[in-house]
Amino acid sequence: MSIRRSQLGKLLAIVTALAMLAAACADDAETTTTAAETTTTEATTTTAAETTTTTEAATSTTELAACTVENLNLVTPGTLTIATGETAFPPWVGTLEGDFFDDPTSQTGFEGALAYEIARYLGFSDDQVEWARTGFDEAIGPGPKDWDFNMQQYSITATRDEVVDFSVPYYVTTQALVVLEGSPYTEASTVEDLKAAKLGAAIGTTSVDFVEMVIQPDTPPNVYDENFDVVSAMNAGQIEGLVVDLPTAYFVTAAQVEGSVIAGKFEAAAAEPDEYGLLFAEGNPLVECVNEAINSLWADGTIDGLIADWLELGGGLNVISG
């Protein structure tokens, strides 16, 4: 009996040892499997990240390639055709003095200079830019165009956008004060200096709202049907100053009211300023590339510099604060 019990004890010991060994092997197998799974997961994650990076890089490269000259949607391949007015006036195109009046190829005037900056950003040389002439209203009509974009101080509106496309704004108007030379208001530096002034503006414009809400003169402004009527009132001495957007102020002083000057631009913004955009045929894919150019020219200060040079007397235009 003692021998059998001894043999049975040895057998139990062997079985127990084998069971422990099997368990240990199972644990090692699980650990190995888990490690393998982890490695596989990490590899999958790395591959996904690499794929995402590669995809983004490819997309970026594709977008850049789409905006090179050979890939642009142009009416004449290899040439950027820009339209302007049948007569283009300073300070937008050309200069009043010298040989550059109504000459967009001179690269003078705000729009004349900006057009070539956009062209260069897109990869065009100066001799790859051609100019066309159109009437203001005819360009807004639906249908194909024989130019790539039109640059004539077009305000971006929902109604126009139904039949044509616009770029992002390349200029946002500010309000300005026009007075006669020798007026006490030529030296106005704040809106408080204008409280006693007899001012005028055209009805339905942002200028009327600006006078009433920002300047708030002691006497309500004279309101007229059109800007032309405001000019007539100033010529007749019925008002001491007129408030218009800055581009209109330049036209008034250059061509409509003899002896008038721009007393200054207002620091405060109008509630709904006009935004000027380049005009394209509806659905033209060129818009996206031109938007990229305009956004870049805003970001690097080029457009601000052109505004100062051509629309703000070289940065020396008086600013009326308040």
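**Entry 1: the largest pocket**

I began with the largest pocket, where H6 gives the most to the lining, with 5 residues. The model is predicted, so I noted that local features need pLDDT of at least 70 and side-chain atom pairs count only at pLDDT 80 or more, while totals for chains, interfaces and linings use all residues. Residues are numbered from 1 along each chain as its sequence is written, and side-chain values use heavy atoms, with hydrogens and water left out.

A pocket here is an open set of points on a 1 Å grid over the protein atoms alone, where a 1.4 Å probe fits, with protein on both sides within 12 Å along at least five of seven lines; lining residues have an atom within 4 Å of a point. I read off about 610 Å³ of space for the largest pocket (the volume filled by probe spheres set on the points, which are joined across faces, edges and corners).

I listed 27 lining residues, with Trp92, Phe136, Gln152, Gln153 and Phe251 nearest the centre of the pocket. Strand S1 (80–85), helix H5 (227–235) and helix H6 (246–256) each supply at least two residues of this lining (helices are DSSP runs of H or I with at least four residues, strands are runs of E with at least two, numbered from the N terminus). By class, I found 13 nonpolar, 9 polar and 5 charged residues in the lining (Ala, Val, Leu, Ile, Met, Phe, Trp, Tyr, Cys and Pro count as nonpolar, Asp, Glu, Lys and Arg as charged, the others, Gly among them, as polar).

**Entry 2: H5 and H6**

I then looked at how H5 and H6 pack. Their axes come within 12 Å and cross at roughly 50° (lines fitted to C-alpha atoms over the stretch in contact, with angles from 0 to 180 degrees between N-to-C directions). H5 and H6 are therefore oblique to each other (under 35 degrees is roughly parallel, over 145 roughly antiparallel, 65 to 115 roughly perpendicular, the rest oblique).

I found that Asn227, Phe228, Val231 and Asn235 in H5 meet Thr248, Val252 and Gln256 in H6 (contact means heavy atoms within 4.5 Å). This contact has 3 nonpolar, 4 polar and no charged residues.

**Entry 3: H8 and its partners**

The axes of H2 (residues 110–122) and H8 (residues 302–310) come within 9 Å and cross at roughly 155°. That makes H2 roughly antiparallel to H8. From H2, I noted Phe110, Ala113, Leu114 and Glu117, which meet Thr302, Ile303, Leu306, Ile307 and Trp310 in H8. The residues of this contact divide into 7 nonpolar, 1 polar and 1 charged.

Next I checked H7 (residues 286–299), whose axis comes within 4 Å of that of H8 and crosses it at roughly 70°. H7 and H8 are therefore roughly perpendicular to each other. Ile294, Leu297 and Trp298 in H7 meet Thr302, Ile303, Asp304 and Ile307 in H8. I counted 5 nonpolar, 1 polar and 1 charged residues in this contact.

**Entry 4: the backbone**

Most residues other than glycine have a negative phi, and most peptide bonds are trans. I looked up two exceptions. A cis peptide bond joins Pro90 and Pro91, with omega about 5°; Pro91 is in the loop between S1 and H2. Gln107 is not a glycine, yet has a positive phi of about 60°. I placed Gln107 in the loop between S1 and H2.
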